[in-house]
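Have the structure open as you read.

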Amino acid sequence: SNFHFWVNYPFNILPSNSNEMAQFQEVMRQQLESSMHAELEKLLGTAKGAKAEVSKKDFEGFRKLFHRFLQVKGPSVEWSKINRPPEDSIQPYDKIKAKGLPDNIADSLNKLVVVKLNGGLGTSMGCKGPKSLISVRNENTFLDLTVKQIEHLNKTYNADVPLVLMNSFNTDEDTKKILQKYTHHRVKIHTFNQSRYPRINKESLLPVAKDMAMTGENADVWYPPGHGDIYASFFNSGLLEQLIAEGKEYIFVSNIDNLGATVDLYILNHLVSQPNGKRCEFIMEVTDKTRADVKGGTLIQYDGKLRLLEIAQVPKAHVDEFKSVSKFKIFNTNNLWISLSAIKRLQEQNAMDMEIIVNPKTLDGDLNVIQLETAVGAAIKCFDNALGINVPRSRFLPVKTTSDLLLVMSNLYSLEAGSLTMSERREFPTTPHVKLGSSFTKVQEYLTRFESIPDMLELDHLTVSGDVTFGKHVSLKGTVIIIANHGDRIDIPAGSMLENKIVSGNLRILDH
């Protein structure tokens, strides 16, 4: 079982048969729920002013999630019931594109809202504050590029596509400060906040928080519950209703760090041109797996519905099969197109059902906690006429590490109106494989190691390990491996051209 139900129970009173066992578990569940309820009420008692209302709504959502968590037993899918999706449920992008575009593109665009998931911090790249405020290219941050793209659309087609940012309590303040710089841009920007849920002690399954404060000893007792929270928090914020009232019909949701997730007019046209009775309420953009993507969620047919299968839901015995590129050929890019009225309906009916992701963490002082999360794509099974579209890899360009950052800063990509596209001067459409070692993990450190970004147009593979720096105007081609052993340093001289080379040992270039 998932729980420590009988953690503190003397073994001689454990039930002997399965019927008694089920009753016993039910009693334990009810006890855990009422303890949780009491603790949450106590916490709410310490909330002040307008924040109290917000926290109350947050906790209602958390209680529903906790209730479902206690019901769940083992992996959430039966492996034998998994089928490949039927042919027509995942359409090739070219087929969607072949429909062409309508005469009046503005009409379609005016039904669209762009939503960016902006809850994450830049910690994995050694940056303080929201990840969306990291500079990616020519001093442009992720957020700058997003605003430029949408502004370009609005100007080109004389449309009114608003941008909505889903912030978390980690990113909200810093993001709002920066939004002032876009006041004179042609794009309306709205924000709403993800819920704030309590991390719970792995043993007692009760909140670690002592009161509603966010700072001091309470700094790490809260968490934003994954992007599956978008439906409830968007709905609760009142913004969803407001946008529907303005005539908006669909949202295009993506991670703010996916630089390939631009508004695609062909997919939008496919959505708005569906006959009313067969309106597609949910499109998930998927793309072909490569070796690098074996962990990505995939689409399956299950109980007659399209469903997202994540690695966390796979029974241990089948993990290798899940990772195989031959059986599950595609993965979810998390670029999603979703009907606003369908979200409203499902929220009002309390019918949004997403698998729970149990994420274990260790806090300071070796305290083991778990946080309960959900993923936005997992709700695909709740929507009518859901569809997968197999899009080109170029629509999936996430920047998770400085290795990704090197690619997007290089001449492999050209930047136009906030959109990055693979340079026409590259002969192969595939992205090179780049692995920068631990000396490059933090953005600040990474930037000091490149006097200028190398020419990578003809690069296939780059591995760099140890204390390595690059001079100006270095060119890298084919497969290049540079390894400085511990205590050594390698300075690649300015103007070097390395083609299919392995560089090791020690090479210091000092100013004289």
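Q: Which strand do six bridges join to β10, and in which sense do the two run?
A: A quick note on the basis: this is a predicted model, where local features need pLDDT of at least 70, side-chain atom pairs count only at pLDDT 80 or more, and totals for chains, interfaces and linings use all residues. Residues are numbered from 1 along each chain as its sequence is written, and side-chain values use heavy atoms, with hydrogens and water left out. Strands are DSSP runs (E, at least two residues), numbered from the N terminus, and two of them pair if DSSP finds at least two bridges between them. Six bridges link β10 to residues 112-118, with leucine 112 opposite tyrosine 250; the partner is β2, and the sense is parallel.

Q: In β14, which residue is the bridge partner of phenylalanine 252?
A: Strand β14 covers residues 330-339 and pairs with β10 over four bridges in the antiparallel sense. Within β14, the residue bridged to phenylalanine 252 is tryptophan 337.

Q: How many residues of β10 are buried?
A: Buried means under 20% relative accessible area, with exposed over 50% and partly exposed in between (1.4 Å probe, protein chains only). On one side of β10, Tyr250, Phe252 and Ser254 are buried, and on the other Ile251, Val253 and Asn255 are too. For the strand, residues 250-255, the count is six of six.

Q: How many disulfides are there?
A: A disulfide is taken as a pair of cysteine sulfur atoms within 2.5 Å. By this rule the count is zero.

Q: How far from cysteine 280 is the nearest cysteine sulfur?
A: Cysteine 280 is buried, at 3% relative accessible area. Cysteine 280 is in no disulfide, and the nearest cysteine sulfur belongs to cysteine 382, at a distance of 14 Å.
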